[in-house]
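Let's walk through this model together, from the chain as a whole down to one of its pockets. Have the sequence and the 3D view side by side as you read.

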Amino acid sequence: MAKKSNQFKVVIEQDEDGYFVASVPALPGCFTQAKTLGDLKKRIREAILLCLEVAKINPKYSQQIKDYSYEPSFIGLELITV
């Protein structure tokens, strides 16, 4: 039997120092950063796997996922000049 795959929406931003920062709204506290998008993709995958492992053994974190996680719906991006 094949292992079930999970998909997660990842929010990616670039900070003032040029680092790419990724967070996973469905997994509270699940985030990482890297200098390149390629490295960021590897690191966020590792962070997701770690969060899922923690959720298996830590009931408090598992409850946080239920209480604080959300699945964002992408609406768009606007640049507003004032």
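Of the 82 residues in the protein chain, 21% are buried, meaning under 20% relative accessible area with a 1.4 Å probe and protein chains only. Keep in mind that this is a predicted model, in which local features need pLDDT of at least 70 and side-chain atom pairs count only at pLDDT 80 or more, while totals for chains, interfaces and linings use all residues. Residues are numbered from 1 along each chain as its sequence is written, and side-chain values use heavy atoms, with hydrogens and water left out.

Now follow the fold: the protein chain runs β-β-β-α-α along the sequence, with helices (H or I, at least four residues) and strands (E, at least two) taken as DSSP runs. The radius of gyration of the protein chain, taken over C-alpha atoms, is 15 Å, well over the 12 Å that the globule rule gives for 82 residues, so the protein chain is more spread out than a compact globule. That rule is 2.2 Å times the number of residues to the power 0.38. The C-alpha trace spans about 50 × 25 × 25 Å along its principal axes.

Next, look at the contacts, that is, heavy atoms within 4.5 Å. Among those between residues at least 6 apart in sequence, 30% join residues at least 24 apart.

Finally, turn to the second largest pocket. Its lining is formed by Lys9, Val11, Pro72, Ser73, Phe74, Ile75, Gly76 and Leu77. A pocket here is an open set of points on a 1 Å grid where a 1.4 Å probe fits, with protein on both sides within 12 Å along at least five of seven lines, and lining residues have an atom within 4 Å of a point.

Notes:
Buried means under 20% relative accessible area, exposed over 50%, partly exposed in between (1.4 Å probe, protein chains only).
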